[in-house]
Amino acid sequence: MENNQITLSIRNVSKTYANGVKALNNISLDIPSGMYGLLGPNGAGKSTLMRTLATLQDPDEGDIILGEINVVKQKEEVRQTLGYLPQEFGLYPKAKAEDLLDYFAVLKGITNWASRKEVVEALLKQTNLWDVRRQKLGGFSGGMKQRFGVAVALLGNPKLLIVDEPTAGLDPAERVRFLNLLSELGENSIVILSTHIVEDVSELCTRMAIISKGQILQQGEPLNAIEELQGMIWRRIVEKSMLPALEQEYKVISTKLLSGRTVVHVYSEENPGNGFELVPPDLEDVYFTTMAGYNQKQVMLQEREVQL
Ligand code: ADP
């Protein structure tokens with residue numbers, strides 16, 4: 001089994017669009033088999049990176065190697081082992097799920113009727129669409145469409161599966177069902193989940209990177225990143241009107257409404273006193289602390305690792 005493990009290695013990848021936007025600024029990442037979360041706000045460069053990995057656009061600079069394949073130069077080879085679920089995709093609303101999946105299977109090169117029947121059946125069952133296989137896609141819910149997209153992406157057993165912002169439009173129940181489906185995918189393939197939703201990563205991914213303005217601010221294991229923030233996240237529940245004053249005085253990383261009151265999290269290496277209580281950090285604290293640029297230690301660590 002060990003032999004099947006591959007790594008996706010991204011080295012110094014940059015991309016500037018014609019309008020001058022530097023969407024990727026010297027990105028370097030090593031992505032092993034398993035679920036990998038790429039977390040960042042809108043406009044961070046996630047889709048640009050996903051499209052580049054999916055061979056749909058070229059970087060200006062840098063190398064991308066999947067196992068033995070040079071992703072930038074050997075596009076056909078990559079495509080044979082790639083599954084890509086883009087942020088938005090069109091489906092033929094009048095087609096039935098089973099028929100369309102069968103059609104895509106033909107396009108993927110599974111021309112033998114019997115093996116295609118087997119593959120289509122297995123994928124419809126895996127994505128929990130077997131009972132609705134004879135229904136038209138036009139009547140599918142957002143979650144069903146996304147799961148159908150995964151079924152298509154999984155045709156041909158990809159070694160690299162790229163899923164771009166999959167949970168954005170899903171209701172909570174559909175989101176859980178979708179994440180469960182991803183979590184069942186093989187340990188022997190690389191699954192990259194790009195998202196701006198912290199819980200997607202915390203519930204699912206063993207490794208992750210945080211990207212903002214085209215740069216990687218942090219990468220590693222979510223649990224380690226959380227551990228590094230132990231003792232540094234403090235909480236206080238306040239009236240909303242107090243916020244501006246607190247923001248002047250403390251490193252506020254997040255504010256949330258809870259039953260009409262405001263829960264404030266601040267980053268501080270020492271006890272800030274003043275009614276703040278220490279709380280166990282979570283991945284959201286990691287994300288907001290990193291985005292605010294407060295945990296410089298982690299940023300520096302990550303830079304050093306990449307240089308080595
Ligand atoms: P994300 O997926 O994280 O929201 P994107 O990769 O879509 O980020 O976008 C990164 C930046 O590049 C944004 O500023 C966006 O406006 C810009 N951008 C994306 N695609 C294009 C394009 N085709 N032409 C010009 N600018 C683009």
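This is a predicted model: local features need pLDDT of at least 70, side-chain atom pairs count only at pLDDT 80 or more; totals for chains, interfaces and linings use all residues.
Q: Okay, and how many salt bridges does the structure hold?
A: It holds 15 salt bridges. One of them is formed by the side chains of arginine 11 and aspartate 30, at 2.9 Å from N to O. This pair links distant parts of the chain, with arginine 11 in strand S1 and aspartate 30 in strand S2, 19 residues apart.

Q: Is arginine 11 buried, partly exposed or exposed?
A: Arginine 11 is partly exposed, because its relative accessible area is 34%. Aspartate 30 is partly exposed too, at 36%.

Q: What does lysine 46 pair up with?
A: Lysine 46 forms a salt bridge with glutamate 165, and their closest N and O atoms are 3.5 Å apart. Glutamate 165 sits in the loop between strand S7 and helix H6, while lysine 46 belongs to helix H1, so this link spans 119 residues.

Q: And how accessible are those two?
A: Glutamate 165 has a relative accessible area of 6%, so it is buried. Lysine 46 is at 5%, which also counts as buried.

Q: New topic: the ligand. How many residues surround it?
A: There are 13 residues around the ligand, and the closest are Gly43, Gly45, Lys46, Ser47 and Thr48. So lysine 46, which is buried at 5% relative accessibility, turns up again here.

Q: Which part of the chain gives the largest share of that shell?
A: That is helix H1, residues 46-53, with four residues.

Q: What kinds of residues make up the shell?
A: By class, five are nonpolar, six are polar and two are charged.

Q: How far is serine 47 from the ligand's oxygen?
A: A polar backbone atom of serine 47 lies 2.7 Å from an oxygen atom of the ligand. For glycine 45, a backbone N or O atom is 3.0 Å from a ligand oxygen, and for alanine 44 the distance from a polar backbone atom is 3.1 Å.

Q: How much of the ligand does the protein bury?
A: Taken alone, the ligand exposes 560 Å², and the protein buries 64% of that.

Q: Last one: where is asparagine 70?
A: Asparagine 70 is in strand S5, residues 69-70. It counts as buried because its relative accessibility is 16%, and the cut-off for buried is under 20%. Its side chain reaches the backbone nitrogen of valine 72 at 3.1 Å. Beyond its neighbours within four places in sequence, asparagine 70 contacts Ile64, Ile65 and Val78.

Note on methods
Residues are numbered from 1 along each chain as its sequence is written. Side-chain values use heavy atoms; hydrogens and water are left out. A residue is near a molecule or strand if one of its heavy atoms lies within 4 Å of it. A polar contact is a pair of N or O atoms within 3.5 Å; within protein, one must be able to donate a hydrogen and the other to accept it, and residues adjacent in sequence count only if both atoms are side-chain atoms. Accessible areas come from the Shrake-Rupley method with a 1.4 Å probe; for residues, only the protein chains shown count as cover. Helices (H or I, at least four residues) and strands (E, at least two) are DSSP runs, numbered from the N terminus. Ala, Val, Leu, Ile, Met, Phe, Trp, Tyr, Cys and Pro count as nonpolar, Asp, Glu, Lys and Arg as charged, and the others, Gly among them, as polar. Buried means under 20% relative accessible area, exposed over 50%, partly exposed in between (1.4 Å probe, protein chains only). Contact means heavy atoms within 4.5 Å. A salt bridge is a side-chain nitrogen of Lys or Arg within 4 Å of a carboxyl oxygen of Asp or Glu.
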